[in-house]
Amino acid sequence: MILLIDIGNTHTHLGLADHKQVLKQANLPTARWFGGQAAGLARKFVGRAVPGGAALCSVVPRATPLVRRAVRRLWNISPMELTARTVRGVGINYPRPETIGPDRLANAVAVKHHFGAPAVVVDFGTAVTFDVVDRQGNYAGGIIAPGLEAMTDYLHEKTALLPRIKIREPKGVIGKNTEQAMLVGAVLGYRGLIRELVKELKGAMKARRLPVVATGGYARLIGARMAEITAVEPLLTLEGLRLVWLAHQPAGSMSDRVQPTCNLQPATGNLKIRRA
């Protein structure tokens, strides 16, 4: 069993996987690593499973050593950390590879493995990021835009009359109250953003066929009514971590028996586990 840990700005995404696929997943607030509660939640997530290895990627450097120590203490294993130096399964065509977010490299590995090259990942996290794998199978760069919640929370915090809203599908294109108007701007506006950027990427890459895979918290909502989105894979980052961990295993280990699969299950709420 492989323990997978994707440390994001808002949430830490946990996964348990075998040599074929991610088996279960849960989220916990990243801030809980600093309060000391996260290790207990991670242990509850793993339950009676016995991880034989672990892999992590992190965009929160302050949390990384805390996670490492917790994994060593709880399961006596040292996690492999995904970086530009340790990545396997995708090349890098980027001026300063060390500045690439490791979660973005994990996405690139998974999308290339399952969808080929060229391909694009759109990750709906705290920021909306586009990660591009070129025809040669290299991570070539990407695009960063504000996330949905970041935008709507900013409007709430910086204005006197705009409320904090729960992101969901708007009922129409013309808002009949303030909340509906904000939903139209957020959801339909982001679909327009994705559509235009995909169009520009296709032109720049001279690619008539370009798989575009959505992942992250709002991937299903935004991708639901977009022909430009090839697939929605909420566990794409964890799948990339799984593939890189397997690629680091010695010849003759279970990495030789890995089977390509895209049987990824939807992410769930905090420690509410959905099994594959």
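Here, buried means under 20% relative accessible area, exposed over 50% and partly exposed in between, using a 1.4 Å probe and protein chains only. The model is predicted, so to speak of local features we need pLDDT of at least 70, while side-chain atom pairs count only at pLDDT 80 or more and totals for chains, interfaces and linings use all residues. Residues are numbered from 1 along each chain as its sequence is written, and side-chain values use heavy atoms, with hydrogens and water left out.

**View 1. Helix α4 is mostly covered.** Helices (H or I, at least four residues) and strands (E, at least two) are DSSP runs, numbered from the N terminus. Helix α4 takes in residues 102-115 and reaches 20 Å from its first C-alpha to its last, close to the 20 Å expected at 1.5 Å a residue; the expected span is 1.5 Å times one less than the number of residues. Of its 14 residues, 12 are buried, including L105, V109, H114 and F115. Just past the end of α4, have a look at G116, with its positive phi of about 80 degrees.

**View 2. Five strands make an open, mixed sheet.** The order is β3-β2-β1-β4-β5, where two strands pair if DSSP finds at least two bridges between them. β3 (22-29) and β5 stand at the edges with a single partner strand each, so one side of each has no neighbour in the sheet. Helix α3 (residues 64-75) packs on the sheet and touches β1, β4 and β5, its direction making about 160 degrees with that of β1. Contact means heavy atoms within 4.5 Å; axes are lines fitted to C-alpha atoms, for helices over the stretch in contact, and angles run from 0 to 180 degrees between N-to-C directions. Helix α2 (residues 38-46) lies across β1, β2 and β3, at about 160 degrees to β3.

**View 3. Strand β1 pairs with β2 and with β4.** All 6 of the 6 residues in β1 (residues 2-7) are buried. I2, L4 and D6 point one way, and L3, I5 and I7 the other. With β2 (residues 11-17), β1 runs antiparallel through 6 bridges, and a hairpin of 3 residues joins the two. I7 stands opposite T12 in β2. With β4 (residues 53-58), β1 runs parallel, again through 6 bridges; here I2 has G53 as its bridge partner, and D6 stands opposite C57.

**View 4. A84 sits in the loop between β5 (80-81) and β6 (91-92).** A84 counts as partly exposed because its relative accessibility is 24%. Leaving aside residues up to four places away in sequence, A84 touches I92, P97, E98 and L105.
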